[in-house]
Amino acid sequence: MNRNYIFLTIVMLVLAAGSIFLTMDNEPEQIEPDELLQEIIQPTRYITTDQVAKMIIQGDPSLMLVDVRSEEEFAKYSLPRSINIPLQNLLDDGNLDYFGVPGTKVVFVSDDDIEADQMWVLVKRLGFGSTYVLKGGLNCWMQTIIDPQRPSDDAPYKDFETYSFRKGAQMYFTGSGADIPDASKVDVKVRRREKTNIASGGC
Amino acid sequence: MHIHELNPWRTLIALSAFVLILIIGFLTRPKPLLTYEKTISESVKALEESDAYFYPWELENVIHEKPDNIVLFDIRDNFVFGQGHIPGAENLSASVLSREENIERMKKLRDMGVTVVLYGGDELQANGPWMLYRQVGFNNVKLLKGGYSYYKEHKDNLALTKNDDGYKTGFPRYDYAEMAAPKDGAAFHTEPESKPVPVRRREKTNVAAGGC
């Protein structure tokens, strides 16, 4: 073969190999810092305890609760259907597989919301979407769902609706308290059959 | 015979020029403004460093002495900043953080060895930007514990906050298991909250018209 052809081939292969080595490192795939900053300043990642309670009660299959506290604390108490991924174990084998599953909403839970938010930032850096943070954390869960406060009498009606929902959620999650507040009296809406005019062709 | 066999030198010159241009192209790629200095695992460890946080009682010194080596940045937006902020703080809204002039300013502050303290309405608001700054190598950035709301509550006696727990986060304030346990020996029943019940009457069809 011609010497120049061989030389040319070698140069091409060296260049191709060089460009592969440029991108090789052991870090998992991540998004750029300025993109991460844009995601961080959106407040859309916060989800309230009422919303999460509703999703659990309705058995929403897309909800995935991830508890970022330590294992001992998780063993003492945890929300139903939540899994435990402590912050230190984020990069352990298999933990990253819980994220990025299409159709699921991952909600991070911790005592307050700071640790869950920190986990959210790191998971976002790894490029996973559909992740949320439980605002107020478990402390807020206790104050709103497990032991809801009755609103004062001059509060708007919406607060009473929320309160009656929370009382129901309290029953669901703790199995206690048989007193039903007045705000949740069963409202029976009766829909009468629409009377159609036989003459006009109805039935 | 091909031209490159007749005149090998021309081929060699063209080839070298090609490789040279490729190399120059790679080296002069525009560098992004921000790059990660910490890996994910390093970032996780860095969260536990206590000198990454700024405590409310330290604000007393900053407000009265106005030292040169500490700068307070308020990341809330301009309107809220105008309504009330920590004396001596500068407004650096979260939405303009990624602008080139602000990044350059942060780099200058880091090179001068100035400590930058970030705060928001509450600790949560500044948490994200603080983490980002730490990850891209601004290790002089600290997060104010408790945020502006805690400062506002205690601004008249900041020195006493050393003994207070109010600004601390990340610990349970209740005994969760005890609070959530079934009470009064009541059986666990999963009855959902009472909802309005729409009653639909069976549609009466006319037998004569063929219905049933």
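## Model and numbering

The model is predicted: local features need pLDDT of at least 70, side-chain atom pairs count only at pLDDT 80 or more, and totals for chains, interfaces and linings use all residues. Residues are numbered from 1 along each chain as its sequence is written, while chains are lettered from A and ligands numbered from 1 in the order in which they are written.

Helices (H or I, at least four residues) and strands (E, at least two) are DSSP runs, numbered from the N terminus.

## Helix H6(A)

Helix H6 of chain A spans residues 137–146. Eight of its 10 residues are buried, so H6(A) is largely enclosed by the rest of the structure. Here, buried means 20 or more other C-beta atoms within 10 Å of the residue's own; exposed means 12 or fewer, and partly exposed lies in between, with C-beta atoms placed from the backbone. Trp141(A) and Met142(A) are among the buried residues.

These buried residues pack against H3 (49–57), E4, H5, E5 and H7 of chain A, and also against H9 (176–179) of chain B. Contact requires C-beta atoms, placed from the backbone, to lie within 7 Å.

## H6(A) against H7(A)

Two packed helices are described by the angle between their axes and the distance between the axes. H6(A) meets H7(A), residues 157–174, at about 110°, with the axes 8 Å apart. Axes are lines fitted to C-alpha atoms, for helices over the stretch in contact; angles run from 0 to 180 degrees between N-to-C directions. The two helices are therefore roughly perpendicular (65 to 115 degrees; under 35 is roughly parallel, over 145 roughly antiparallel, the rest oblique).

H6(A) contributes Thr144(A), Ile145(A) and Ile146(A) to the contact. H7(A) supplies Arg166(A), Ala169(A), Gln170(A), Phe173(A) and Thr174(A). By class, four residues are nonpolar, three polar and one charged. Ala, Val, Leu, Ile, Met, Phe, Trp, Tyr, Cys and Pro count as nonpolar, Asp, Glu, Lys and Arg as charged, and the others, Gly among them, as polar.

## Strand E4(A)

E4(A), residues 105–109, is mostly covered, with four of its five residues buried. E4(A) pairs with E2(A), residues 63–67, in the parallel sense over five bridges; pairing takes at least two DSSP bridges. Val107(A) is the bridge partner of Leu65(A).

E5(A), residues 131–134, runs parallel to E4(A) and is joined to it by three bridges. Phe108(A) stands opposite Val133(A).

## Chain B

Chain B has nine helices and six strands. Of its 212 residues, 24% count as buried.

How values were computed. Contact = placed C-beta atoms within 7 Å.
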